[in-house]
Amino acid sequence: MKSDIIIIGGGAAGLMAAYGAASVLVAGGSDASVLLLEKMPRPGRKIMITGKGRCNFTNVKDWNEFSAHIRSKSNFVKPAFYNLTPARLVEFFESSGMPAVVERGDRAFPASYHSTDVIDTLVRVCHGAGVKIQSEAEVVSCRCETAGQGKETNFSLSTADGSVFTCSKLIVATGGLSYPNTGSTGDGYRFAKEAGHSITPLFPSLTALVPKGYKVSEGDKHIDRATPLSELGEKLKGVQLKNAGVQLIIEGTVADSEFGDIDFTDGGIEGPIGFQVSRKAVKALINGSRVKLAIDLKSGVGLTELTARIKELWMMIDKDPRSRGVREKEKCRILLGKLMPWDLIPAFIACNPGIITLERKGRTDTKVWINLPTIAKCLKEWVFDIEGYVGYERAVVTAGGVDTDEVVAKTLESRLVPGLHFCGEVLDIDSDTGGYNLHTAFATGLLAGQSAAKNLLSSTREPRP
């Protein structure tokens with residue numbers, strides 16, 4: 001079965017690549033065919049779970065701010081970004097019948113907050129442009145034969161059911177290794193390697209970091225999310241911290257500093273800020289480095305001022321008539337309740353035992369001391385030794401991929417194999433959560449599709465007499 005352009009993978013990048021290619025061909029008056037092969041029963045499986053099903057499909061910041069959230073080779077993404085800016089992407093969806101809303105942090109969502117609307121819109125515009133989408137078509141092998149002194153390539157794709165597809169322009173949009181149950185199983189890396197491309201080291205990013213003692217683990221760096229929580233993990237699970245400062249410390253040196261929200265989940269430390277520091281943390285853990293996370297629960301106030309405030313609160317509690325006969329440990333809980341969420345107190349005490357000291361004066365006489373300066377210090381620097389991380393089974397994205405030095409940024413065409421294009425997560429590009437990753441997929445997908453179609457049109461256009 002022959003097509004002119006084939007896209008492998010029906011995720012965000014693949015669907016947009018198919019639309020981009022078909023729309024260029026339609027505008028050029030060509031009847032060339034575009035085929036999208038998707039291994040799952042329907043396309044867009046990973047889009048469906050994006051943003052907990054709400055689908056934060058882009059972030060409407062300008063390039064200077066947006067690029068700061070691209071964690072690998074932002075300049076490579078720049079041509080694709082300007083070809084499809086966030087504002088243009090929002091306009092694309094709205095003009096295609098899907099209203100959008102922009103929330104705090106410049107995050108754009110479908111107005112319905114249903115990720116299925118994003119998928120349905122993409123599938124609809126693809127069909128409208130003449131794209132044929134074939135689901136349950138898992139590509140198992142990809143061969144390329146170059147002819148004409150390296151200027152033309154014929155691609156032959158075999159699927160799991162024994163079908164063979166051929167084309168002259170191929171776009172690999174297979175995604176990475178994250179959330180393999182959505183179909184992302186790393187096939188594109190194999191296709192790229194077989195075509196002669198280099199793959200930079202792969203590792204999970206935007207994933208949960210697991211503190212020491214958080215799970216009943218056996219010391220492995222990769223700690224499956226299904227691993228049972230320890231007593232400490234149960235105490236922390238469900239806690240959400242707002243406006244916290246976080247420092248990532250690798251081998252005793254601060255490697256990253258962020259400010260924002262943190263979630264303690266059944267996986268470990270997550271949330272926007274947990275995810276942002278996870279890339280460097282995971283890479284360091286894989287390399288055998290010691291990793292710590294220091295959380296500042298009172299980032300708006302200095303240690304000296306905080307210590308003085310805590311002493312004032314303690315005096316107020318101590319003098320309160322209701323404190324008469326109340327034990328020191330209970331008064332400590334009352335104090336901590338004025339400084340943090342109540343559900344955080346048990347874990348805070350368990351992780352920082354130095355805030356309460358027992359002094360034995362005799363066999364039956366024990367004095368309890370509440371160390372107020374220690375409480376202040378721990379609030380400013382609550383340190384977690386990071387033991388491991390949740391792997392691809394629940395990581396949002398895959399870091400690493402097809403080496404971008406071997407791909408032309410302005411067209412996303414391979415420098416090694418003419419007619420072969422890459423887009424989305426299969427490339428060595430990854431970004432922060434908050435709409436950045438998904439926009440990068442859409443933008444690189446559109447550019448790859450448009451470029452492949454333009455190349456096809458220029459190669460089939462008859463020369464002038």
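How close do the axes of α1 and α14 come, and at what angle do they cross? Let's start there, everyone. The two axes come within 7 Å and cross at roughly 35°, where axes are lines fitted to C-alpha atoms, for helices over the stretch in contact, and angles run from 0 to 180 degrees between N-to-C directions. The crossing is right-handed, which is to say that the near helix is turned clockwise from the far one by less than a right angle.

Before going on, a word on what we are looking at. This is a predicted model, in which local features need pLDDT of at least 70 and side-chain atom pairs count only at pLDDT 80 or more, while totals for chains, interfaces and linings use all residues. Residues are numbered from 1 along each chain as its sequence is written, and side-chain values use heavy atoms, with hydrogens and water left out.

Among the α1 residues making the contact are Ala-13, Met-16, Ala-17 and Val-24, and the α14 side includes Leu-438, Phe-442, Gly-445 and Gly-449; contact means heavy atoms within 4.5 Å. The residues of this contact divide into 15 nonpolar, 4 polar and 1 charged. In that count, Ala, Val, Leu, Ile, Met, Phe, Trp, Tyr, Cys and Pro are nonpolar, Asp, Glu, Lys and Arg are charged, and the others, Gly among them, are polar.

Now the whole chain. There are 14 helices and 21 strands, taken as DSSP runs numbered from the N terminus (helices are H or I, at least four residues; strands are E, at least two). The C-alpha atoms fill a box of roughly 105 × 40 × 35 Å along the principal axes. Of the 465 residues, 54% are buried, meaning under 20% relative accessible area, with exposed over 50% and partly exposed in between (1.4 Å probe, protein chains only).

Next, the sheet that α1 lies across. Helix α1, residues 12-27, lies across β1, β2, β6 and β10, running at about 175° to β2. The open sheet has 5 strands in the order β6-β2-β1-β10-β21, with parallel pairing; two strands pair if DSSP finds at least two bridges between them. At the edges sit β6 and β21, each pairing on one side only. On average, neighbouring strands here are turned by 20° against each other, direction ignored. Within the sheet, 4 bridges join β1 to β2, and Ile-7 stands opposite Leu-36.

For contrast, here is some antiparallel pairing. Strand β5, residues 107-110, is joined to β4 by 4 bridges and to β3 by 2 bridges. Arg-107 of β5 is the bridge partner of Glu-103 and also stands opposite Asn-59. The hairpin of β4 and β5 has 3 residues between the strands, and Gly-105 there takes a positive phi near 80°.

In α4, residues 74-83, the buried residues are Phe-76, Val-77, Ala-80 and Phe-81. Seen down the axis, they fall within an arc of 130°, so they line one face of the helix; the arc is that of the directions from the helix axis to the C-beta atoms. These buried residues pack against α3, α5 and α14.

Last stop: is Gly-162 buried or exposed? It lies in the loop between β8 and β9, and at 57% relative accessibility Gly-162 counts as exposed. Gly-162 is 25 residues from Ala-137 in sequence and 9.8 Å away in space, C-alpha to C-alpha. Thanks, everyone!
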